[in-house]
Structures are given as C-alpha cells and as structure tokens.
Amino acid sequence: MNRRNFLARAGTAGIGPFMGHRTDAANTGQRDAMPDYVTTGAKMLMESTPAADGFHAPAEWADHECCIMVMPPPQNWKDSGVPHANVLQQWADVANRLSEFEPVLMVIAPPDVRQASKLLNNEIEIVEFRVNDGWSRDSGPVFVTNDRGERRVSGFTFNGWGAKFRPYKDDALLKSHLCAHLNIPMYPVDLVLEGGAIALDGEGTVLTTEQCVLHRNRNPGRNRQTVERLLNDSLGTRKIVWLEKGLQPDPVTDGHVDGLAAFAEPGVVLLHTVDDRSDPNFAICRDAKQRLRNSKDAKGRRLDLSLIHI
C-alpha cells in the first residue's frame with residue numbers, strides 16, 4: 001500500500017482498526033536487517049564510527065552544496081486519484097524553482113526518466129535509480145563532516161516508516177546508491193532512523209522522540225541506552241534530548257520530531273504549542289515544553305524556547 005492511500009484510509013476508517021491489520025516489524029518483533037549496501041558499489045566503512053573518526057552531523061542551517069530530491073514513482077501515488085503526470089509536474093516545478101538558488105540532484109525511477117526529464121531544466125542533475133517513494137529527507141543519506149570539510153554518510157537503516165509501505169527495498173538502498181554516485185564513503189548503522197526523526201544543533205545535541213525511535217516497529221528490543229550510544233557514535237553528538245511524542249494524528253511517521261520542534265540556533269528551540277485543552281496535542285506540547293525546560297544541551301546550556309501556536 002502507498003503512503004497517500006494509507007493516509008486517506010486512516011482518515012476515513014479510523015487509524016486504530018486499520019493499523020491492526022498490518023503485518024510489519026511491530027507485529028513480528030523482528031528488527032530489520034541492514035540492506036546489502038555492498039551491491040551498490042559504495043565504499044563501506046565497517047570498522048569505525050563517525051564520532052571516532054572526528055565527523056559530526058551539521059545543523060540544518062549549515063551551508064550545503066546541493067539539494068537532493070526524489071521524483072515520486074508510480075508506487076507512491078497509486079490509487080490516490082491524482083494522475084501521475086500531475087505529480088511529476090508539481091515535483092518538477094519545485095525542483096526548477098529551487099535550482100534558481102542552488103544546485104539540485106534529482107533521483108528518478110527508470111520508468112519515469114524519459115517523461116520527468118522533459119519537465120526539468122538543464123541545470124538539474126538527473127540520476128537514475130529504482131525508488132519506492134519520493135521523500136528523500138527520510139530515506140536519503142545523513143551527511144557528516146569534519147573540521148577539514150570532508151564528507152561521509154551515516155547510513156541508518158530505512159524500513160518504510162515501520163514497514164507500513166511495502167515494498168521499500170529500493171528506498172533502503174537509496175543512500176548507498178547516492179554514496180556510490182557521489183563517491184562518498186558510508187558508515188552502515190544498525191539502527192532504523194529517518195531524517196525527520198532527529199533535529200540537530202550542529203554542536204553535539206540531538207532532539208528526537210521516544211514514540212518514533214524507540215517504537216517496536218523501528219527498533220524492537222533496543223533500549224534507550226543502546227539507541228543513545230548508536231546515535232551519538234553515528235552523528236558525532238554527545239547529548240540526546242528525548243521528547244515523548246510527536247504531534248497527532250500521525251499514522252505515517254509515528255511521531256517525527258520535525259513536526260513538533262526544531263533548533264533555530266544552538267541553545268534555541270522552536271516548539272509548537274496548543275491552547276485548547278481538548279486537543280490531544282495540548283498534553284503532548286505541554287510535556288515537550290517541560291522536558292525541554294528541564295534539559296541542557298551538549299554544551300551545558302539551558303534551552304531557550306520560542307513557542308509557535310498551532
């Protein structure tokens with residue numbers, strides 16, 4: 001089932017009953033094995049970690065060289081009622097506009113290359129890989145850098161947002177395909193994590209949610225201590241600030257932090273807040289505010305909160 005159709009069904013039939021019929025990592029209690037990245041030709045760094053080698057994940061506002069996008073394949077929009085040609089055009093419109101300001105690399109599934117390439121301007125680099133979904137923020141690479149400006153990738157495992165959207169095998173290999181194409185070494189990480197599940201200040205601190213990263217459909221059998229070690233080793237960070245849940249309803253990501261909170265700068269967190277006590281997000285936002293006010297970042301600073309009402 002594709003992600004758009006799942007959202008539609010969850011909204012009309014009720015999330016609980018529909019989710020109960022899924023067969024996924026949460027039901028089997030099995031952790032997803034890391035994909036066979038070697039088949040993509042990417043250079044794997046198996047004997048060390050980014051932290052041990054002096055690499056760290058930069059903040060989202062740090063300078064970057066280009067934007068990586070993925071053109072949604074037919075699987076992504078099957079049974080959505082939206083013509084696939086319309087989807088390609090809208091994604092191309094975003095990419096073309098973005099390319100006026102920075103380089104864009106667009107991954108396109110083989111069946112769509114001929115049609116989609118006609119919609120993109122000549123400034124956009126086109127790379128042909130098999131993919132299952134168009135959300136590269138979650139399935140794509142997490143880059144890490146060192147003081148010399150060298151780049152590597154922390155290759156967290158992608159499992160289709162808790163195995164909700166099968167198949168996802170091609171998306172699981174996307175980061176290593178891109179590493180091979182860009183000639184960037186990759187550290188394979190035995191932890192299921194999407195890009196939207198973490199927020200980084202670039203100075204050693206990570207924001208994330210227990211609901212997502214500790215979810216049994218992501219990392220069953222992994223306790224918080226183990227997950228913190230893997231995150232810090234893989235991101236070059238020193239402090240994990242745990243929020244309990246993300247905003248609801250969220251039948252896709254299981255509480256990604258990027259819908260709730262983000263760093264505006266080191267020591268400053270933007271946080272959604274709700275005034276209506278009957279809103280289920282009231283308690284979620286209140287708990288997040290309390291946790292953040294009681295936390296310090298990797299440099300020992302109390303976090304300054306900037307509240308955004310929703």
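**Pocket Linings and Ring Pairs**

Mentor: With four residues, β1 contributes the most to the lining of the largest pocket. The model is predicted: local features need pLDDT of at least 70, side-chain atom pairs count only at pLDDT 80 or more, and totals for chains, interfaces and linings use all residues. Residues are numbered from 1 along each chain as its sequence is written, and side-chain values use heavy atoms, with hydrogens and water left out.

Trainee: What makes β1 (67–70) a strand?

Mentor: A strand is a DSSP run of E with at least two residues, numbered from the N terminus.

Trainee: How are the residues of the lining of the largest pocket divided?

Mentor: They comprise 19 nonpolar, seven polar and six charged residues. Ala, Val, Leu, Ile, Met, Phe, Trp, Tyr, Cys and Pro count as nonpolar, Asp, Glu, Lys and Arg as charged, and the others, Gly among them, as polar.

Trainee: What makes Trp161 and Phe165 edge-to-face?

Mentor: Their centres are 5.9 Å apart and their planes stand at 75 degrees, so the pair is edge-to-face. Ring pairs link Phe158, Trp161 and Phe165 into a cluster.

How values were computed. Phe/Tyr/Trp six-rings, centres within 6.5 Å; stacked < 30°, edge-to-face > 60°.
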